[in-house]
Amino acid sequence: MRSPRTTVLAAIAAALFLVTADAARAAGATLRDATRDVYVDGRLDRATQVLVRSGPYGTIVVSPQLEEALLLDRDSESFRAVPREAIAFAEDRATAQLAVDAATLPGGATQKVDASTTILNWKGHTVLLARHQGVSGEIDAATLFATVPIWKSLKDHYAPDASAVAALRKAGKARLTVVFGTWCGDSKEYVPRLLKTVEAAANPDLTVRLVALDPGFLRPADVIQGRRVINVPTILVDRGGKEIGRVTETPAVENVEQDVAAILSGRPNPHAGRYERGAEIARGSYRYADESGADRGTERWTIWERPKGGRLVHAVIEREGTQIEVFQGSDTDGKMSFAEVTRRQGEGVMRARWSLDGGMLTGRLRGRESGILQQELVVGSDFAFASPAIAAAGWMAAATPGGSGTGAVEQVVCYVAPDTFESPLGTTCVVLFRPAGEERAVVPAGEFATTRLARQSGVEFSDWWMHKELGIPVRGRVAGGLEYELTRLDLPPAGQREATPPREGGGL
């Protein structure tokens, strides 16, 4: 029989083994640079680098002021130390590897100050990790690289596209205003590349202005509002004092320098949107009309399969002097997983994005003078999302307990995303669905077999004729409001549905 002392020692040894095993699982995996503000002994140290990966001990702090690198686990609120030599950096220092056989030492406990700030003590040093606050306003390259040193390394080790360098070298007089956030991942990826390309082109007629935005999208207001910047990075290409094009967030083609070169040549590249897509399912258009039959707008749309299941809808709505662009993705069950709505009216632009993580719906709006507006809602399993896109209206029925709207009367709690500038973010309501049988619907696009659904939301009543195979509305009618009808439907030939190459980007 074991003695109590032996049992305690065995438990301690087992606990230490588990911690060491967790740290070992972080070894061998690729670690990626993450922009954070790190304070060592109360002073901000820009030379300290933070690397991250998913899993236990997934945050690593590498500081020239410390002999060891520190491996943090936020879940257990503890850290371990490892020799700095055990971390092998890539040439540009954007990624690194932790040696599989790295010997780790127990470091102690960490303290979570808030959701984004952690503090710890190691060998007489106090280390605090916080969210990167960045800089704001017009800055020069020296200030940029002093604020985020990794950006200079990324620039120095980037090989620009040779054809883009040649095009920029021959470009006429122009100015690039590069609007970015030092806290932004897309900015980190594309701004150093563009700066390296301009440097390689060595064209004295091509000048660059660097403007950094604060994380709240409040400063500098003259650039955000005056130049209609709603996402970063935004590269504004001006010639003769006028904008001739822009690149927003990510390029439309392989790299950002090719996009800028195309704008300078007068042949800008069209952007297909930022969201990954697979094979095309269908495309078409709707006509909007009032009760008298007068035209009140149009909607052009395309639906793709998503590579990991579900669908992606892209719709462009032209209505009463306003353009509304919608991207909306569903999961394998047909329920909304993300959405983006961009509204343009005259010189005004607003863009809202929503994401669903578990039971939390988060929406963020940019384009208002008050900066970023954020909204968070806890939602249940009967949740539905209603965007302005009629092509995605069928997903509301998919959110009902029956999943199709063909059973008894069912209800969902619906979030309605606004389509006007007056309402920045949406509201929730209860929507009732009642099946009304199967009917043939005749519209300008043709005759279709449909499932008819009656829908009620508060005092609003509407009828919808849903395409039995595609799940899109063939026709819709709101009592006392607009009517919608399918005016065109194009399906890829059987066996010829091809995937669209994914493009991480989102031009405006």
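Is C184 buried or exposed? C184 is buried, because its relative accessible area is 10% and the cut-off for buried is under 20%. Keep in mind that what you're looking at is a predicted model.

**Cysteines**

C429 is another cysteine worth a look: at 22% relative accessibility, C429 counts as partly exposed. Across the model, the count comes to 0 disulfides.

| Residue | Relative accessible area | Class |
|---|---|---|
| C184 | 10% | buried |
| C429 | 22% | partly exposed |
| S136 | 33% | partly exposed |

The protein chain has a mean pLDDT of 89, and 89% of its residues reach 70 or more. Over residues 4–26, though, pLDDT is below 50, and this stretch has 18 contacts in the model beyond near neighbours in sequence. Residues 498–508 also stay under 50, with 44 contacts beyond four places in sequence. Where pLDDT is low, the predicted coordinates should not be read in detail.

**A helix on the inside**

Now for helix α7, residues 256–264. Since 8 of its 9 residues are buried, α7 is largely enclosed by the rest of the structure. The buried ones are V256, E257, D259, V260, A261, A262, I263 and L264. After α7 comes G266, with a positive phi near 85°.

S136 lies in the loop between β13 (125–131) and β14 (137–139). Setting aside neighbours within four places in sequence, S136 is in contact with A212, L213, D214 and R219. S136 and P215 are 79 residues apart in sequence, yet their C-alpha atoms are 8.9 Å apart in space.

**The largest pocket**

The largest pocket has a volume of about 620 Å³. Its lining takes in 28 residues, and S387, V416, R455, E460 and Y484 lie nearest the centre. Strands that give two or more residues to this lining include β21 (311–319), β22 (322–330), β29 (427–443) and β30 (446–457). By class, the lining has 21 nonpolar, 3 polar and 4 charged residues.

Technical notes:
Residues are numbered from 1 along each chain as its sequence is written. This is a predicted model: local features need pLDDT of at least 70, side-chain atom pairs count only at pLDDT 80 or more; totals for chains, interfaces and linings use all residues. Side-chain values use heavy atoms; hydrogens and water are left out. pLDDT is the predictor's confidence in each residue, from 0 to 100. Contact means heavy atoms within 4.5 Å. On a 1 Å grid over the protein atoms alone, a cavity is a set of points where a 1.4 Å probe fits but cannot get out, and a pocket is an open set with protein on both sides within 12 Å along at least five of seven lines; lining residues have an atom within 4 Å of a point. Grid points are joined across faces, edges and corners, and a volume is the space filled by probe spheres set on the points. Helices (H or I, at least four residues) and strands (E, at least two) are DSSP runs, numbered from the N terminus. Ala, Val, Leu, Ile, Met, Phe, Trp, Tyr, Cys and Pro count as nonpolar, Asp, Glu, Lys and Arg as charged, and the others, Gly among them, as polar. A disulfide is a pair of cysteine sulfur atoms within 2.5 Å. Buried means under 20% relative accessible area, exposed over 50%, partly exposed in between (1.4 Å probe, protein chains only).
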